[in-house]
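Trainee: I have not seen this entry before. Could we go through it one question at a time?

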Amino acid sequence: MNRTIVIILLVALGIYCFPTLIGLMATAFGIAVGVAATLFGIGISLLFSVLPYLILGYLVWWLVRDNRSRRHS
């Protein structure tokens with residue numbers, strides 16, 4: 001008798017709690033994907049906004065270095 005009641009309670013609890021557990025897992029997954037997408041977007045944005053300055057700085061450094069080496073030769 002006790003075993004039957006426990007099985008009935010576990011089935012009823014599973015029916016009512018399973019969607020909640022799936023919802024919690026989906027919420028956690030959604031938050032994780034959102035954070036990852038946000039970080040990816042910020043990284044891409046920084047890359048394309050800072051990259052031209054890095055290229056310009058490298059070109060200036062390369063020209064100055066090349067000019068110095070020609071003067072010393």
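Trainee: Is Tyr 58 buried, partly exposed or exposed?
Mentor: Keep in mind that this is a predicted model. Buried would require under 20% relative accessible area, and exposed would require over 50%. Tyr 58 has 48% relative accessibility, so it counts as partly exposed.

Trainee: Which kind of aromatic pair do Tyr 58 and Trp 61 form?
Mentor: The count of aromatic pairs comes to 1. In the pair of Tyr 58 and Trp 61, the rings are 5.8 Å apart, centre to centre, with 35° between the planes. Planes under 30 degrees apart would count as stacked and those over 60 as edge-to-face. The pair of Tyr 58 and Trp 61 is therefore tilted.

Trainee: Where do Tyr 58 and Trp 61 lie, and how many residues apart are they?
Mentor: Both Tyr 58 and Trp 61 belong to helix H1, which covers residues 2–72. Their separation is about one turn of the helix, that is, 3 residues.

Trainee: How many helices and strands are there in the protein chain?
Mentor: The protein chain has 0 strands. Its helix count is 1.

Trainee: Why is the protein chain described as more spread out than a compact globule?
Mentor: For 73 residues the globule rule gives 11 Å. Along its principal axes, the C-alpha trace spans about 100 × 20 × 5 Å.

Trainee: What share of the 73 residues in the protein chain is buried?
Mentor: A residue is buried when its relative accessible area is under 20%. The accessible surface of the chain comes to about 6,900 Å², and 77% of this belongs to carbon and sulfur atoms. Of the 73 residues, the buried share is 0%.

Trainee: How far apart in space are Cys 17 and Pro 52, C-alpha to C-alpha?
Mentor: Cys 17 is in helix H1, and at 33% relative accessibility it counts as partly exposed. In sequence, Cys 17 and Pro 52 are 35 residues apart. From C-alpha to C-alpha, their distance is 53 Å.

Trainee: What separation do the C-alpha atoms of Leu 21 and Ile 8 have?
Mentor: Leu 21 is placed in helix H1 and counts as partly exposed, with 48% relative accessibility. Leu 21 and Ile 8 are 13 residues apart along the chain. Their C-alpha atoms are separated by 19 Å.

Technical notes. Residues are numbered from 1 along each chain as its sequence is written. This is a predicted model: local features need pLDDT of at least 70, side-chain atom pairs count only at pLDDT 80 or more; totals for chains, interfaces and linings use all residues. Side-chain values use heavy atoms; hydrogens and water are left out. Rings of Phe, Tyr and Trp (its six-membered ring) pair if their centres lie within 6.5 Å; planes under 30 degrees apart count as stacked, over 60 as edge-to-face and the rest as tilted. Helices (H or I, at least four residues) and strands (E, at least two) are DSSP runs, numbered from the N terminus. Buried means under 20% relative accessible area, exposed over 50%, partly exposed in between (1.4 Å probe, protein chains only). The radius of gyration is taken over C-alpha atoms; the globule rule is 2.2 Å times the number of residues to the power 0.38. Accessible areas come from the Shrake-Rupley method with a 1.4 Å probe; for residues, only the protein chains shown count as cover.
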